[in-house]
Amino acid sequence: MAEHAAEHDSLMEKIADKIQGHDSSSSDSDDDKPSPVETVTNKIYRLFGREKPVHKVLGGGKPADVFLWRNKKISAGVLGGATAMWILFELLEYHLLTLVCHILILALAVLFLWSNASRFINKSPPQIPDVKIHEKHVVDVASALTYEINRGLAVLRDIASGRELKKFLGVIAGLWVMSIVGSWCNFLTLFYISFVLLHTVPVIYEKYEDKIDPFAEKALIEIKKQYAVFDEKVLRKVLSKIPKGALKDKKKE
């Protein structure tokens, strides 16, 4: 009986070991598989197909902090300064050259009087900083600007050569919209509106991106459907009327 009980105990131990080994292997395989939350987050549509946070999309650093109101005092100061400048130039019809001259007159008068008065009241004269513009910074800005201008000119050249019909229609539509907006307001007001949008739209999107992205996905799907209809009814007919030899010559160029 004792031997039978021992054999029974050893048999039960083997069965328990097999069950534990199966559970551990199944748990390891479950760990290797992505969780349902991860798979859902990976499938979430993000506006413009972005994979980085909004802060990284805006370039990171201090400019992104200002646009996303990480420091509310600095962001409010920048937006308030831009608003003050717009009120001066647009509503009060102040001119830029007049404003610069008045600021320089006031600053030079204050510093001049302070420097002379400090001799009579036995106080130290004002410490005027030695402001210099480094050549390296100017060269960097000029090179970056030159690169962007050359890239824009190259895109315009490709569009004008008749190679990209879609780009041509997109640029024409964009310029037409800009011309309409330009007839409503001048360049300064348009710049101020763009500046305000840059300080409001990113922070609102970052706060409500989980609600905005699904709506943007639906809108993008609808736009693609409408473009497919337009492509089938208009663009293909236009391309079919263009001689194939002309298109080949343009592609060789």
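**Surface patch, helix pair and loops**

Helices α8 (165-184) and α10 (209-241) each supply at least two residues of a nonpolar patch; helices here are DSSP runs (H or I, at least four residues), numbered from the N terminus. The model is predicted, so local features need pLDDT of at least 70 and side-chain atom pairs count only at pLDDT 80 or more, while totals for chains, interfaces and linings use all residues. Residues are numbered from 1 along each chain as its sequence is written, and side-chain values use heavy atoms, without hydrogens and water.

The patch consists of Phe168, Leu169, Ile172, Tyr227, Phe230 and Val234, with about 470 Å² of accessible area together. Ile172, in helix α8, counts as partly exposed because its relative accessibility is 43% (buried is under 20%, exposed over 50%, partly exposed in between; 1.4 Å probe, protein chains only).

Two packed helices are described by the angle and the distance between their axes. The axes of α5 (residues 72-91) and α9 (residues 187-207) come within 11 Å and cross at roughly 165 degrees. That makes α5 roughly antiparallel to α9, a term for angles over 145 degrees, with under 35 roughly parallel, 65 to 115 roughly perpendicular and the rest oblique.

Most residues other than glycine have a negative phi. Trp69 has a positive phi of about 60 degrees; Trp69 is found in the loop between α4 (61-67) and α5 and is partly exposed at 26% relative accessible area. Glu93 also has a positive phi, near 55 degrees. Glu93 sits in the loop between α5 and α6 (96-120) and is exposed, at 63%.

Technical notes:
Patch = residues over 30% accessible without salt bridge, like charges linked within 9 Å, V, L, I, M, F, W, Y side chains within 5 Å. Areas by Shrake-Rupley, 256 points an atom, 1.4 Å probe, with all protein chains shown as cover. Salt bridge = Lys/Arg side-chain N within 4 Å of Asp/Glu carboxyl O. Axes fitted to C-alpha atoms, helices over the stretch in contact; angles between N-to-C directions.
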